[in-house]
Structures are given as C-alpha cells and as structure tokens.
Amino acid sequence: MAALELPKGYAVLESKIPHNGVGKHLATLAEHVAAGEGEMPLEELKPVLRILLGCAQRSYDPALRKHAVTIWTSLVSKRMGKTVAQAGLATLAAANKQCDDSGRTYLAFEWSCVLASHAALGEGALLEAALPKLAALQFSMYARILADTAKPDMAKAAAAKFAALLRGKAHAKTAYGRYVDMLAACSDPMEVAGGAALLLGGREAAASKDKFLEVYKERVLAATEGRDGRKAKPLTTEAFRLLFKMLTHDDFAALVPDMCRVLRRTPELYMGSLAASILHLSVDASRYVEQFTSIIVERLSSEALRADTVALVTSLAAQSSDLSALAALGSEIVQKMAGKGVKNWQERIGLAEGARVLLTLPKGKGIVPLAEEALAPVVALADKEANDETKRTLLAVLAACMRRAESLPADAVKMLTKNFESGADAVRRAALSCAAEALQATELL
C-alpha cells in the first residue's frame, strides 16, 4: 500500500485533536493502518504517531479513545519493525511527559502494555535491550494513576492490563522476574512506587520477597538518610504495604536496626512512613517496642515530629499483644515527662499525647501498672502547668489513669476542684471530663 497521504481531515487530527467530529477520520486511519503490510515506513509513521499523541490529550472521549487503541494495537501488532518499535517507545516517553492526569495517562499505559507484549518481552524482541526504559515508563505512569485516589477503578484496570501482559503465553515464565530486576534498577521515587505497587500485587510476589526487601532497603529506607535524603511519600509507603504483610519476624528484625538508625538521623523523612507501614505487619510487634523506645521518648519532645511519633506509638500499640512491653514504653515516657529535662510546654505536650495513647488501650487490665505509676506525676504536672493546651492534654492523660487505677489520690481531687473554680472554660471542661472518667471506673465506684 502506498504511503499515507494526509488529506485536510488529518490536518485536524495532527493539531492535537482540538475539534469534535474527528471520529470518522480516526476510523479511516485505523482501517488504513490495519490493512497495510510490513513495517510502516517512517514518513508515514511520524504523522500517525503525532495523531496518537493528540488523542492522548483528549482520551476522555470514549469514541476517540477506542479508535486510538485500535490504531496503536494495529500498528504494533501488524506493522511492527525496528523503526516502529523505537518510534513507539519515543511516543510513550512523550506521552508520559504530556499526560498530567490519571485519565490521559491510562491510555498511554495501555499502549505501553501492548508495545511490551509485542516488542520487548519475547526472546530476541526488537526492544529487548530497551526494556529498562520501557519498564521505568510503565512504573512512572502507574504511579500517576495510583496517586489519583478519587479513581481507584482506573488503578485496578491498569493493574489488570499489566497482569495480563505478564501472563502472555510467549513470555509468562520470565516476564515477572525481568520486571522485578527492572524495578531494582530504578531510582526515581515515582518509578519505584509504581513498580512496587504493580509487582507486589502479583501472584509471584512471595517468591521474590527477598528482592523486594532489598529494593525497600536501598530505594526507600536508605534514600531517607543523610544530607541528601528525601522524605518517604505516602504513595511509596502504600506501594510497599503488601511487602510488610509478607514479612516474617526474621525479615522485620533485620530491618529494625536500619530503621532505628534513620530515625536517629533523619526522623522527619521516615517516621510517618514507618508508622503507616507497621500497621500492615502480619507479625506481632511486641518484641520490637524496646528497640524503638529511646527514639520515641526523644522524638515526642519535638514539636515538629510530635504527630508522626504519636502515630508510631499508636501503630506499635495496635500491632503488639504484650502489654508489658507497651507499659515499659509508657513508663519511660512518663519519667521523661516528669523529669527536669523537659524545658517547655511544647516538649511536655508531645510526651503527654504519647502516654495517653498507651493509657487508653482497649486491652484489659495489663496497662493498670502504668496508670498507677503515672497518676501522681501527672497530677503534679497538671496542677502547675500554665499553658492551657498542655493542661488539657495532661487532664486527658489523668482521666485515662483514673479510669484504670485502683485509687483516687486526694491531690487529684484537690487539683480538679481548683480547675473547676478558676480554670479557663476549656480547662474546666477538661477537668469535668476527667472527673466523669473517674466516676465511670468500676474500681472507684
């Protein structure tokens, strides 16, 4: 067939499809591409790929999207050759830069799966040497799709396309492992997050757990350390969620020293991610609480790290069945809070919030010793605290203590009475709530 001569109608397509009514032109183009024989020549290929890039910008139009997929599939499956393969890869790279939302990116991702199946994964494939670049593009695209939490169905559909690619008959035995190797070679955070999310969802993931662990250690954990460290983003944390579900005690125990080292050096880059990840562990975290204790006690005093550190305490508490380990952590927090090393209310409020998390655990009476230990120092602190916000937090801690303890000290009654009479409105409400908690405790009735 002769090279495609673009009539006036195709000029509309080349100008990034800005107008309606182009469906018939795309349908004609799809027929032309499918009817051809042999590799499409470069002079014909260039305008077709420009048209497809234009389609990607208007991929929310269902009809246009359908035609674009048909054209791409016909081009890759029936008109393939070295030029088409390389130009197709370049088109995907351009689409990845131009498509700035999940909907447009999904079309390019769908194209990438078709190209990988026909030109990158088979033995001696035209793009075999370029698979690292293609895989990195796919990982980056999927991360952008996954980041759009308002459209979870689109992420599921993209993951299904990728899973179908890996199950292709011609390369089913090797494709998954090759993609895992490609992930290990990635360093861009978006590529790492997208690749991990795609591959950890596969049926073969458990067999490659050790490789995923290495990727996590090198590309997530180590990347948060040092002067040039970068923060572990929520997307990355979520991407490795399934890895944490797979971890055994031996796996997690091997990670803890590295985690603690990072938390001592650059906690602001990793604390929040770790807190979210621990919630996905399948193993009991009790035996690891002690290793995190000194770090938690120190970081609770930091206003900048307070929220993330309290979240870490909450996660460890949720994943730990041994209350004695949590009570020991709480004891260290209370001792620091009541000691002379606390300089101001900002430091004290973080420690108080950490203690409150542990004192309000819904896990029976195992936390009673901590409540009894904390009762007297918390009363003293609340009595002399001048900052209203910190006083309210200390009163909340005291309420938790009084609900669990077996006695009601006279000093506590005296302090609450004083706050009923002279505290600010918010403090009076906190004192009343504290008294109500004490009255609900069956041991004190």
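**Exercise 1. Work out how R104 is paired with D101, and how open R104 is to its surroundings.**

Step 1. Start with the atoms: R104 and D101 make a salt bridge whose closest N and O atoms are 2.5 Å apart. The rule asks for a side-chain nitrogen of Lys or Arg within 4 Å of a carboxyl oxygen of Asp or Glu.

Step 2. Now check accessibility. R104 has a relative accessible area of 21%, so R104 is partly exposed. Here buried means under 20% relative accessible area, exposed means over 50%, and partly exposed is in between (1.4 Å probe, protein chains only).

Before going on, a word on the model. This is a predicted model, with local features needing pLDDT of at least 70 and side-chain atom pairs counting only at pLDDT 80 or more, while totals for chains, interfaces and linings use all residues. Residues are numbered from 1 along each chain as its sequence is written, and side-chain values use heavy atoms, with hydrogens and water left out.

**Exercise 2. Take the salt bridges K217–E214 and R261–E225, and say where their residues sit.**

Step 1. In K217 and E214, the closest N and O atoms of the salt bridge are 3.9 Å apart. Both residues belong to helix α11, 3 residues from each other, so about one helical turn separates them. (Helices are DSSP runs of H or I with at least four residues, strands are runs of E with at least two, and both are numbered from the N terminus.)

Step 2. K217 is partly exposed at 29% relative accessibility, and E214 is partly exposed at 37%.

Step 3. For R261 and E225, the closest N and O atoms of the salt bridge are 2.8 Å apart. R261 lies in helix α14 (residues 249–265) and E225 in the loop between α11 and α12, so this pair ties together parts 36 residues apart in sequence.

Step 4. R261 is partly exposed at 28%, whereas E225 counts as buried at 19%.

Step 5. Zoom out: E225, D258, R261 and R265 are linked in a network of salt bridges. The whole structure has 15 salt bridges.

**Exercise 3. Which kind of aromatic pair do W72 and W111 form, and which kind do Y216 and F244 form?**

Step 1. Rings of Phe, Tyr and Trp (its six-membered ring) pair if their centres lie within 6.5 Å; planes under 30 degrees apart are stacked, over 60 edge-to-face, and the rest tilted. The count by this rule is 7 aromatic pairs.

Step 2. W72 and W111 are stacked, at 4.9 Å centre to centre with 10° between the planes. W72 is in helix α4 (residues 62–78) and W111 in helix α6 (residues 102–119), so the pair ties together parts 39 residues apart in sequence. W72 is buried, at 1% relative accessible area, and W111 is buried at 1% too.

Step 3. Y216 and F244 have ring centres 5.3 Å apart and planes at 80°, so they're edge-to-face. Y216 belongs to helix α11 (residues 209–221) and F244 to helix α13, so parts 28 residues apart in sequence are tied together. Y216 is buried at 2%, and F244 is buried at 1%.

Step 4. One more ring group: F139, F162 and Y179 are linked into a cluster by ring pairs.

**Exercise 4. Describe the largest pocket and its lining.**

Step 1. The largest pocket holds about 380 Å³ of space. On a 1 Å grid over the protein atoms alone, a pocket is an open set of points where a 1.4 Å probe fits, with protein on both sides within 12 Å along at least five of seven lines; lining residues have an atom within 4 Å of a point. Points are joined across faces, edges and corners, and the volume is the space filled by probe spheres set on them.

Step 2. There are 20 lining residues, and A159, A197, L198, G201 and G202 are the closest to the centre.

Step 3. Helices giving two or more residues to the lining include α7 (131–147) and α10 (189–200). The largest share, 7 residues, comes from α8.

Step 4. Sort the lining by class: 12 nonpolar, 2 polar and 6 charged. (Ala, Val, Leu, Ile, Met, Phe, Trp, Tyr, Cys and Pro count as nonpolar, Asp, Glu, Lys and Arg as charged, and the others, Gly among them, as polar.)
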